[in-house]
Amino acid sequence: MLSVIKSIVLQGLEGILVNVEVDISSGMPGWQIIGLPDIGVKESKERIRTAIKNCGIDLLSRKYIINLSPADIRKEGSFLDLPIAIGVLKAMGIIKIKELKNVVFIGELSLNGDLKSINGVLPMCIEALRNGIKKIIVPKNNAKEAAVVNGIEVIGVSSLKELICYLNNEILIKREFVNINQLFNKTDSFDIDFSDVKGQNGVKRALEIAVSGFHNILMIGSPGIGKTMMAKRIATILPNLSFEDALEVTKIYSIFGNTKDNYLITKRPFRIPHHTISKVSLIGGGRVPKPGEISLSHKGVLFLDELSEFDRNVLEALRGPIEDKKVLISRIQASFMYPSNFMLVASMNPCPCGYLGSSERKCKCTNFQINNYKSKISGPLLDRIDMQVEVPNIKYNSFSKCIQETSSQIRKRVNNARDIQIKRYKKYGIQTNSELDTKLINRFCKLDKVSKDLLNQFFERMNLSARTYFKILKVARTIADLDNMENICKEHILEAIQYRSLDEK
Ligand SMILES: [Zn+2]
């Protein structure tokens with residue numbers, strides 16, 4: 001008897017529909033899995049056989065051929081356990097239901113027949129829906145994550161035995177349901193707030209602009225003046241995440257298995273990798289290519305504290321993904337594309353001792369040391385940072401009596417500026433000012449004569465690159481949006497120029 005069961009395999013974030021064909025015939029007894037399975041899939045036959053036996057079903061001594069098609073795609077992972085088991089049971093006549101054409105099965109079996117939760121359920125479910133599949137059977141612990149996808153019936157099961165009964169119409173299992181609105185309407189709670197930061201209003205303003213337009217930003221200042229403290233509070237003013245973007249972010253976390261308790265990520269990610277991070281962990285890769293920190297920060301923030309401590313080669317590898325907003329990891333069998341549209345926030349000291357230009361202490365570094373220190377961060381990487389701000393030395397106590405703005409007050413303005421951008425760029429496939437290309441800059445960052453002259457003067461005096469010129473325009477566009485102004489004015493240009501503090505030196 002022959003049976004055909006549908007399942008999904010993943011290549012990076014992309015799901016591919018596969019057919020699991022099972023044929024049982026007389027002949028030399030044994031199990032054979034063909035169709036480019038990896039070692040993990042090949043080993044699954046022992047698990048599947050034992051799981052079926054432990055459901056109280058006798059496997060006859062026959063020839064079992066299991067074919068995974070299309071044959072040219074490598075099949076990895078243990079989630080093909082379930083479709084193979086169901087295929088075998090259907091070919092044996094134990095599962096009596098005839099029509100399984102519109103059903104996808106995914107799940108790993110344990111030896112006693114229980115279903116274990118797996119990674120990557122969300123991208124698999126999205127792919128199933130895209131292929132017109134009506135129902136997806138997943139491990140019970142993954143059901144909520146799958147049910148986030150609208151338009152497909154999700155059934156969560158806890159064991160093979162339960163599933164056999166369900167497919168034979170002996171029991172009912174309720175369709176899984178998730179209330180998306182409820183997930184999004186949860187009020188954000190953070191245990192940190194911008195009002196904890198006393199003073200530093202100029203830097204706070206710069207961070208608000210950066211977050212509003214999704215501009216990469218570098219903070220330069222002496223140790224202990226609150227760079228890290230402020231950077232961490234960026235998480236509390238990030239704009240709302242739309243449902244579509246939330247799905248995109250959750251897909252990445254799903255293949256990492258980080259969605260167990262948080263089956264839909266509704267907040268923008270904020271990642272702080274340590275400076276000893278390897279290139280593979282930052283960019284992505286490995287034997288089975290996994291997304292790196294740059295992809296885990298997708299639609300959110302990647303914060304690199306003490307930029308100069310990072311390995312130069314690791315930083316160099318950031319250039320491409322910052323530009324392309326995605327990363328391509330090539331392997332012999334396939335290439336994997338992971339999105340990496342993140343906002344880079346970085347901090348560094350002005351010199352090795354940290355006190356160059358400080359009023360508190362005298363810098364002890366030689367010119368050679370200072371140049372060497374700065375050259376660790378390559379020009380091309382700096383060139384991809386829209387805003388550079390100096391964090392001044394401010395005596396903490398002198399500001400402690402002032403009332404500080406709360407994160408939720410700042411966040412309101414950020415959300416408003418983001419909404420303006422989303423609306424304006426709806427037709428152009430982008431969401432923020434930082435994504436503007438030259439053509440769109442010419443269209444949306446028009447300057448009056450006074451502003452144009454001002455910018456040209458600065459441009460010539462500082463001998464800036466064309467790239468920097470456009471960065472200033474993009475940041476000025478964001479400042480105008482925060483002002484609710486349709487046109488960029490002189491004040492906006494003047495303020496945007498201030499955020500190029502490294503160019504002035
Ligand atoms: Zn120094």
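1. (Buried is the word for 20 or more other C-beta atoms within 10 Å of a residue's own, exposed for 12 or fewer, and partly exposed for anything in between; C-beta atoms are placed from the backbone.) You'll find Phe-336 in strand β16, residues 335-339. Helices (H or I, at least four residues) and strands (E, at least two) are DSSP runs, numbered from the N terminus. Which residues does Phe-336 touch, leaving out those up to four places away in sequence? They are Gln-11, Gly-12, Pro-289 and Ile-329. Touching, or being in contact, means that the C-beta atoms of two residues, placed from the backbone, lie within 7 Å. Gln-11 is 325 residues from Phe-336 along the chain, yet their C-alpha atoms are separated by 6.6 Å.

2. Before going on, some ground rules. This is a predicted model, in which local features need pLDDT of at least 70 and side-chain atom pairs count only at pLDDT 80 or more, while totals for chains, interfaces and linings use all residues. Residues are numbered from 1 along each chain as its sequence is written.

3. Now the overall picture. The chain has 20 helices and 18 strands, and its C-alpha trace spans about 85 × 45 × 45 Å along the principal axes. Of the 505 residues in the chain, 42% are buried. Take the contacts with a separation of 6 or more: 73% of them are between residues 24 or more positions apart.

4. Next, the domains. The chain is divided into domain 1 (2-167), domain 2 (194-424) and domain 3 (436-505), with bounds that come from an automatic or database domain assignment. Taken over C-alpha atoms, the centres of domain 1 and domain 3 are 57 Å apart.

5. Have a look at Phe-270 too, which lies in strand β11 (residues 270-271). Is Phe-270 buried or exposed? Phe-270 has 20 other C-beta atoms within 10 Å, so it is buried. Setting aside residues up to four places away in sequence, Phe-270 touches Ile-234, Ala-235, Gly-300, Val-301 and Phe-303. Gly-77 is 193 residues from Phe-270 along the chain, and 29 Å separate their C-alpha atoms.

6. Helix α2 (residues 81-91) is mostly covered, with 11 of its 11 residues buried. Among them are Asp-81 and Lys-90, along with Leu-82, Ile-84 and Val-88. Just after α2, Gly-93 takes a positive phi of about 85 degrees. In the loop between β4 (63-69) and α2 sits Pro-70, and the peptide bond from Ser-69 to Pro-70 is cis, with omega near 0 degrees.

7. On to helix pairs. Helix α18 (residues 449-462) and helix α20 (residues 490-498) pack at an angle of about 20 degrees, with their axes 8 Å apart. That angle makes α18 roughly parallel to α20. Axes here are lines fitted to C-alpha atoms, for helices over the stretch in contact, and angles run from 0 to 180 degrees between N-to-C directions. Angles under 35 degrees count as roughly parallel, over 145 as roughly antiparallel, 65 to 115 as roughly perpendicular and the rest as oblique. On the α18 side, Val-450, Ser-451, Leu-454, Leu-455 and Phe-458 meet Lys-490, Ile-493 and Ile-497 of α20. By class, this contact of α18 with α20 has 6 nonpolar, 1 polar and 1 charged residues. (Ala, Val, Leu, Ile, Met, Phe, Trp, Tyr, Cys and Pro count as nonpolar, Asp, Glu, Lys and Arg as charged, and the others, Gly among them, as polar.)

8. Helix α3 (residues 121-130) and helix α9 (residues 243-256) cross at roughly 120 degrees, and their axes come within 7 Å. The two helices, α3 and α9, are therefore oblique to each other. In this pair, Val-121, Leu-122 and Pro-123 of α3 meet Thr-250, Lys-251, Ser-254 and Ile-255 of α9. Sorted by class, the contact of α3 with α9 has 4 nonpolar, 2 polar and 1 charged residues.

9. Finally, two loop residues to check. Glu-306 is not a glycine, but it has a positive phi of about 55 degrees. Glu-306 is in the loop between β14 (301-304) and α12 (312-316), and is partly exposed, with 15 other C-beta atoms within 10 Å. Asn-484, also not a glycine, has a positive phi of about 60 degrees. Its place is in the loop between α19 (466-482) and α20. Why does Asn-484 count as exposed? Because Asn-484 has 10 other C-beta atoms within 10 Å.
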